[in-house]
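Dear colleague,

I am handing over the structure below, together with some notes on its side-chain contacts. Could you look through them alongside the coordinates when you have time?

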Amino acid sequence: MSDLDNLPPVDPKTGEIIINPLKEDGSEKTPKEIEKERKKAEKLLKFAAKQAKKAAAAAKSSNAPKKAKKVKKEAEPIPDFVDTTVPGEKKVLVSLDDPALKAYNPANVESSWYEWWVKSGAFDPEFTADGKVKPEGLFCIPAPPPNVTGALHIGHALTIAIQDSLIRYNRMKGKTVLFLPGFDHAGIATQSVVEKQIWAKEKKTRHDFSREEFVGKVWEWKDEYHNKIKNQIKKLGASYDWSREAFTLDPKLSNSVEEAFVRLHDDGTIYRANRLVNWSVKLNTAISNLEVENKDIKGRTLISVPNYDEKVEFGVLTSFAYPVVGSDEKLIVATTRPETIFGDTAVAIHPDDSRYTHLHGKFVQHPFLPRQIPIVLDKEAVDMEFGTGAVKITPAHDQNDYNTGKRHNLEFINIMTDNGLLNENCGPEWDGMKRFDARVKVIEQLKEKGLYIGQEDNEMTIPTCSRSGDVIEPLLKPQWWVAQGDMAKEAIRAVKDGEITITPKSSEAEYFHWLNNIQDWCISRQLWWGHRCPVYFVEIEGQECDRSSNDNWVAGKTLEEAEAKAKAKFPGAKFTLEQDEDVLDTWFSSGLWPFSTLGWPGKTQDMENFYPFSMLETGWDILFFWVSRMILLGLKLTGSIPFKEVFCHSLVRDAQGRKMSKSLGNVVDPLDVIAGIKLEDLHAKLLLGNLDPREVEKAKLGQKESYPNGIPQCGTDAMRFALCAYTTGGRDINLDILRVEGYRKFCNKIYQATKFALLRLGDDYQPPATEGLSGNESLVEKWILHNLNETNKTVNEALDKRDFLNSTSAIYEFWYLVCDVFIENSKYLMQEGSEVEQKSAKDTLYILLDNALKLIHPFMPYISEEMWQRLPKRSTETAVTIVKASYPVYKKEYDNIAAANAYDLVLNITKEARSLLAEYSILKNGKVYVESGHAESFETAKSQKDSIVSLIKAIDEVEVVSAASEIPEGCVLKAVNPDVNVHLLVKGHVDIDAEIAKVQKKLEKSTKMKQNIEKTINSKDYDTKANAQAKEANKIKFDNATAEIEGLEATIENLKRLKL
């Protein structure tokens, strides 16, 4: 039974509750007990009345006809934008009132402009009437040529964003500008991809075709992918001069490559030598250090190797014994590659190792071959403290051993074929066996012979081929090498003398380190796709000629040139010529890029105008492989530096700071950032690559972690701006897609603000012929123009210093000042001002839009062009595109510190007034007082009363007074600065006690802050140790805290008086 079923009795006449004065045992209740019972009964009756009221209301509503539910009005879908522009023609601008253009959509804004820019010649370099570089100066960049092998990645997007922002900026500064595009044939990468495709489709290798047939297939593939990657670059807005587009296998560039090789061979810089190379068995070619991927393993690890059904064991150190000839003694050595035992031609010991003094001059017996191996003494190769102090030496298959072999004039025995099989030098039992199968069998036979000692885990680095995943085999090969020692000295001098600057300084230090430790460069590649070495072997009749020696080779761009050289070198000899089958390392042709693209060795107009280039911009990771080689070869072949400045940008990693890789699923395709992509579509793209099925699943998890909702549509402009804003000079960029999306919202702000501003200007608005002050500017106009001037100065200085963080930050902040302050704060001028005020406000708004769009153009080319084209133009404007418009610069006439400070005061008054209104939840009819005894501040506030009222929705008026005594009772206060206070009338609006408690807390906090500052100021040695800047900052803090305390104390007194 509930209490509601047992309600207390009530007198029907008086309505009073009837309380029984007696207890159940008959004794009287005390007055206290009776009162307690009455209160309980009252509560129970109140509750019962409430419940009855609810029940009656429910009954009434159930009988009443039910109101139809208000159907939420669905937002009308935005229709698709239809661009009617003829490709290559100027974009047809649809009215911003069109429903399709209601919201910012990057796809709509970014359509058609690029094709028009290219066709109209907007990206072509401009010269004076007589064909000279313009007096404003020259700025030119050779774009790093992307490999023609596939899609662009986010690193390419970063490169283009940085370079193109500088190119567009300098073009707008009126200079002669060239942004030279091109593509790299990417020898190994391209041939590898095509070979895989041919195998997948036809089950054939390149050797099933003639060289010409195979190369023809690669050209077909190149043409298809070249167009794909070119279209991707266009999407990124790169303002390349496409008429000068280069490809490293073009006839013009091939001529440069051949010329360079022949010159360098003729003067002895290029020479032939039998040396160790990084050999990829799978690709059947030597590869550069750049293409070697080192994998660190902690110990015993099974690794997949191409052409092996089962995984191969690495990370194991195997110890075995060599029998010492003429004794029962054994010398123990250890190796991670037991299969190389067949190439051992010495065992090295330290000359000072007393354990082995008796073995000096002795030999050990090879366990599998009838060969005695000398014991040699070597301080460099042997660490007495490591292992047994004895080291097996395999000069033809290990770089360290190669050097030892040279020092001791040891025999170099190659034990392996190009296909990774042991050869005849290993004996008939081993000839033709796969290298890692031999590893297992060598250990088995060492055990049988009693020479096996044991194995232990060994932390080591496995060099692998980044293209094929194959384990690299050091192999002795006759190759073409470039002697770099003398060239390196010149390259170091060019930077030390300031002819070339390298930014950041960390990259300059790395440059010096690498060049000071430079080694000769192997440029031979055993491929068919690439520049075939223009060098011929002279086979002299009746003589045995050594192909590994340099002696019988002549270089020539043509067979005729080579024949003439051979006749001169071997007069009277009967000979035949055979061109080397190898091609040149791709980096060799890339190293000539800054001048081969301009027509070298010819004395072309482009070489005269653009060489050396202004700058070379690229990632720091290829400083050695590409940048340094361009400097080496440029100085050597042209006698001049190839560029004056090197700027190395960061590498892009994911939001968690991890390196981007396909297997992690965190690789970002810039086109996906531009257009947006669903998570399931990201998953689907994984299946188009060559990932192992297990790696696909791992990558899917990575994608889900990095992009749980897919990648939102951000557009080119937002992506470019984000990448530049990320460029702070650090080594890495941790790319967060959400930050890029944030800049898409910034684009929307620009779009909507410009739309609104155009509405404010009106269809019939015509800006003055020239930009400048009219003399009728209001305070807010003077303030914003001063800020524009400061922004122009900051951005120009930052871009000249390659400071992308400060340039993007300044532009971003200025746009927010325009949108959130000026447009908002000038409404009353445009709507309620006099005719002169309205005209001035509109002219200023035009100046802001025109300048702000130009300022951001280098970073956001599309939205800036789209919105700038919609602005009415000055009669003196000659640019038909923002691409060629003048970049905003500092103008002394806009400098106005006094106006800037005065309007900052207005904004701060507004801010503090809004803060008070929010604090006391006063939403309308608020009354604000501004109090200042400071004459200048008083006049500013008084003259800007209307401006202040227009900025604060919750008030109808502002009163400005010069003394606190003029403030009525019942007000609360906030200090704007030591000279100005804002008061808000709260009497009749608020709970006084609660507000006093609130203000008391603030007072305690301010008092504590003031005490801390006093403690610092009064501390020992403060006067001598603190610098002037710190003292000034502390004084300002102290004065502000004092003003705050005085204001809060006054507020508390005011509130207390309200209670009286």
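A network of salt bridges links Arg-337, Arg-435, Asp-470 and Glu-473, where a salt bridge is a side-chain nitrogen of Lys or Arg within 4 Å of a carboxyl oxygen of Asp or Glu. Please bear in mind that this is a predicted model, in which local features need pLDDT of at least 70 and side-chain atom pairs count only at pLDDT 80 or more, whereas totals for chains, interfaces and linings use all residues. Residues are numbered from 1 along each chain as its sequence is written, and side-chain values use heavy atoms, with hydrogens and water left out.

The structure holds 61 salt bridges. One of them joins Lys-91 to Glu-866, with the closest N and O atoms 2.8 Å apart; Lys-91 lies in the loop between α1 (31–63) and α2 (106–109) and Glu-866 in helix α26, 775 residues apart. (Helices, H or I of at least four residues, and strands, E of at least two, are DSSP runs numbered from the N terminus.) Lys-91 is buried at 5% relative accessible area, and Glu-866 is likewise buried at 4%, given that buried means under 20%, exposed over 50% and partly exposed in between, with a 1.4 Å probe and protein chains only.

Another salt bridge, between Lys-636 and Asp-267, has an N to O distance of 3.3 Å. Since Lys-636 belongs to helix α16 (residues 623–638) and Asp-267 to the loop between α7 (251–266) and β5 (270–280), this pair ties together parts that are 369 residues apart in sequence. Here Lys-636 is partly exposed at 39%, as is Asp-267 at 44%.

Turning to the rings, a search of the whole structure finds 41 aromatic pairs, a pair being rings of Phe, Tyr and Trp (its six-membered ring) with centres within 6.5 Å, and planes under 30 degrees apart counting as stacked, over 60 as edge-to-face and the rest as tilted. Trp-117 and Tyr-862 are stacked, because their ring centres are 5.4 Å apart and their planes at 25°; Trp-117 is in helix α3 (residues 113–119) and Tyr-862 in helix α26 (residues 861–868), 745 residues apart. Trp-117 is buried at 0% relative accessibility, and Tyr-862 is buried at 2%. By contrast, Phe-179 and Tyr-240 are edge-to-face, with centres 4.5 Å apart and planes at 70°. Finally, ring pairs join Phe-721, Tyr-743, Phe-746, Tyr-812, Tyr-816 and Phe-859 into a cluster.
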